[in-house]
Amino acid sequence: MGRVNPRTKPSVAGTAGKSESRRMSNADRSAYFARREAAKILRRVLEGDAHRRAVASIKSLVYAPSVRNKKGTFALVCKTLKYLPIIKEVLEAADLLSNKWKRQKELIYVIMYDILLGQKTPLAGDAEKFLMRQQSALQSVVTQLLSKRKANNIEDLIARGDNPGVSRPRFIRVNTLKMDVHAAIQELGKRYAVQKDDMVPDLLVLPPGSDLHDHPLVADGSIFMQGKASSMVAVALDPKPGWEVLDACSAPGNKTVHLASLMNGKGRIIACELNENRVKRLQHTIELSGASNIEVLHGDFLALDPKDPSLSKVRAILLDPSCSGSGTAAARLDHLLPSHVEGKSSGDDHERLDKLAAFQRKALAHAFSFPAVERIVYSTCSIHQVENEDVVQSLLHLAESHGFQLETPFPQWQRRGLPVFAGANHLLRTDPIEDKEGFFIALFKKQNTTHPFPQISSRDKSSRNHGGNIRNSRAVACLPTSMFKMWMHAHSKRTRRRKIHTPSETRTRS
Ligand code: SAM
C-alpha cells in the first residue's frame with residue numbers, strides 16, 4: 001500500500017490513490033473513490049457554510065462531470081452530514097488525530113460514518129486502515145457517550161434538523177431549439193410517466209425520484225432539468241422573437257437559454273455575468289442549448305451604461321440577481337449543514353439579507369433606466385420579504401417615474417405576494433413546502449399612458465369601499481403557508497422605507 005509523503009501537501013483525495021487502488025476489487029475501488037469524492041464535496045460545502053458563503057448545492061457539486069459514482073457519493077455526503085455532530089464529538093473525545101489526518105478531516109469524517117454506522121467490513125485505503133486500527137478506542141468513546149446520555153444507539157444521539165422531506169416531481173424543460181415537445185414526451189415516455197405541465201409551456205412533469213442526470217437528452221442539451229418556478233421566470237417576461245433582451249445576472253444560464261428557446265433563436269440576447277468562473281458555466285450552458293443569438297458579457301450589470309448605443313434597443317430585462325436562496329434551501333439540503341443544525345442559520349442573517357437587498361434594489365433601479373425597455377422581470381429564489389416585496393415596494397415610485405406598472409404574471413396562479421402594500425397581489429410567490437421551491441416573480445410593464453402607482457385593482461377597490469383593508473384583497477385569499485407566516489412575523493417589525501437612489505447616485509456611492 002502506498003504511503004502519503006509527509007512533505008507533499010495532502011489533498012482531500014489523498015496521494016496514495018493509484019498504487020492503493022491497483023490492488024482492490026472493483027467494489028472496493030468504487031467505494032474508495034466515492035469516499036474521496038464525497039470528502040472533496042464535503043470540504044467545499046463545510047467551508048462555504050462556515051463562512052456563510054453560498055456555494056453550489058450538494059446536488060450540483062455531486063452532478064459535476066468529474067464525479068464518477070454520483071449516487072454513492074451523494075448518499076455518502078448526506079449521511080456523513082447527518083451524523084457529523086456525533087462524528088466530531090467522538091473524534092474530539094478520542095483525540096487520536098495527528099495533524100496529518102486533521103488536514104484531511106473531511107475524509108476522516110466520511111470514513112468515520114462508514115466505520116460507526118455504515119459498512120463494518122474492512123475498508124481499503126490508508127486513512128481507512130488508520131481509523132480501523134483505532135476502532136476499539138472509537139467504540140469505547142461511543143459507548144461512554146451513549147451511557148452518559150442514556151441513549152440506546154447513535155441514532156438517538158443525533159440532534160436532527162428539521163427535514164422538510166421534500167419529495168417533488170421532476171420537472172423537465174424541453175429545449176425547443178433542439179427538440180419538439182412531442183418528440184421529448186415520446187422518448188421520455190419509454191421509461192417514465194410523462195405529463196405536460198398545465199401552466200408552463202414546454203415543461204414536462206415526471207414522477208418524483210426520476211433520475212435523468214445521465215440521460216442522453218440531458219447530456220446533449222435537448223432537455224434541461226429545471227424546476228417549475230424557475231421555468232416560470234422567462235415565460236413571465238414573454239420576450240418576442242426578434243427582440244433584444246438583456247439577462248442582467250445570468251449564470252449558470254438556465255433562464256438565458258430558456259429566453260432563447262422562447263424567442264425561437266431569433267433576436268439578440270445579452271447575457272451579463274460578473275463572476276468569471278460562473279461565466280464559464282454560462283458559456284457551457286449556452287453551447288449545450290445550441291442557441292446562437294446569445295452574447296456573453298463578462299462584467300457588472302450595475303456598470304452597464306444604459307445610454308450605450310449597443311444597449312439602446314433592449315426591450316426586455318430579466319433580473320434574477322444573487323439572493324439568499326432561502327426558497328431552495330430544502331432542495332439544496334441546507335438542513336444538513338452545521339449552521340442549520342446548530343441553529344445559527346436564521347437569526348444571524350439580517351446583515352447578509354440587508355446587503356443582498358441593497359444590491360437587489362440597485363440592480364432593479366438600474367434596469368428601469370434602459371431607454372427602450374418595456375418589460376422587466378425581477379425574480380429571486382428567496383422566501384424573505386426583504387428580498388422580494390420590500391425591494392419592489394421601495395422602487396414603485398421610481399418605476400412609475402419611468403412609466404412602469406406592476407402586471408400580473410400567470411394570473412391563474414393562486415399564491416401571490418405577501419399583502420404588505422396595495423398591488424402586492426400582482427406579485428407571484430411559490431411556496432417552499434407546498435410548491436417544493438420558494439420563488440418570487442415581479443413583472444413590470446411600461447404603460448402607454450402613465451397611471452399613478454400603485455394601480456388599485458378592482459378587487460382592492462371593492463375591499464376598500466367596504467371598509468376593508470388590503471388583507472381582504474386577493475393576496476390574502478391565497479393564504480400564506482406557515483413558512484410565509486414565520487417570515488412575515490420575523491420581518492413585520494422591520495420598517496424598510498429607504499431612500500431610492502437613482503442609478504447615477506447609486507454608482508457614485510458604490
Ligand atoms: N438566472 C440564472 C439562472 O437561472 O441560471 C441564475 C442567476 S444567480 C441567482 C445570480 C447571478 O448573478 C450569479 O451568477 C452572480 O454571480 C451574478 N451576479 C451577481 N452580481 C452581479 C452583477 N453586479 N452583475 C452581473 N452579474 C452579477
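Where pLDDT is low, the predicted coordinates should not be read in detail. This is a predicted model, in which local features need pLDDT of at least 70 and side-chain atom pairs count only at pLDDT 80 or more, while totals for chains, interfaces and linings use all residues. Residues are numbered from 1 along each chain as its sequence is written.

Of the 510 residues in the chain, 40% are buried, a residue being buried if 20 or more other C-beta atoms lie within 10 Å of its own, exposed if 12 or fewer and partly exposed in between, with C-beta atoms placed from the backbone. Among contacts between residues at least 6 apart in sequence, 75% join residues at least 24 apart.

Now bring up the ligand, which is surrounded by 18 residues, the closest being C249, N254, L274, F301 and D320; a residue is near a molecule if its C-beta atom, placed from the backbone, lies within 6 Å of it. The elements giving two or more residues to this shell are α13 and β6 (268-273). By class, the shell has eight nonpolar, five polar and five charged residues, where Ala, Val, Leu, Ile, Met, Phe, Trp, Tyr, Cys and Pro count as nonpolar, Asp, Glu, Lys and Arg as charged, and the others, Gly among them, as polar.

Staying in this region, select C249, S250, A251, P252, G253, N254, K255, E273, D300 and D320, at which UniProt, in an unreviewed entry, places the feature "binding site"; UniProt positions are given in the numbering used here, feature names are shortened, and annotations may be inferred rather than shown by experiment. A251 is in the loop between β5 and α13, and counts as buried because it has 24 C-beta neighbours inside 10 Å. Beyond its neighbours within four places in sequence, A251 is in contact with E273, N275, R278, V279, R281 and L282. D320 lies in the loop between β8 (314-319) and α15 (338-341), and its 23 C-beta neighbours inside 10 Å are why D320 counts as buried. Not counting residues up to four places away in sequence, D320 touches V233, C249, K255 and S379.

Follow the chain into helix α13 (residues 254-262), where nine of nine residues are buried. Just after α13, N264 takes a positive phi of about 50°. For β6, five of its six residues are buried, and four bridges join β6 in parallel to strand β5 (residues 244-247), with E244 standing opposite R268. Strands are taken to pair if DSSP finds at least two bridges between them.

Select C381 next, where UniProt places the feature "active site" in an unreviewed entry. C381 sits in the loop between β9 (375-380) and α17 (389-394), and counts as buried because 25 C-beta neighbours lie inside 10 Å. Leaving aside neighbours within four places in sequence, the contacts of C381 are C323, G325, G327, T328, E437, G438 and F439.

From there, move to strand β12 (residues 440-446), of which five of the seven residues are buried, so β12 is largely enclosed by the rest of the structure. Six bridges join β9 and β12 in the antiparallel sense, with V377 opposite L443. Strand β10 (residues 404-407) is also antiparallel to β12, over four bridges, and F404 stands opposite K446. Strand β11 (residues 428-429) pairs antiparallel with β12 over two bridges, with L428 and I441 as bridge partners.

Finish at the open sheet of four strands, ordered β2-β3-β1-β4 with antiparallel pairing. Its edge strands, each pairing on one side only, are β2 (195-196) and β4 (223-225). Three bridges join β1 (residues 170-174) to β4, and V174 stands opposite I223 in β4.

Notes:
Contact = placed C-beta atoms within 7 Å.
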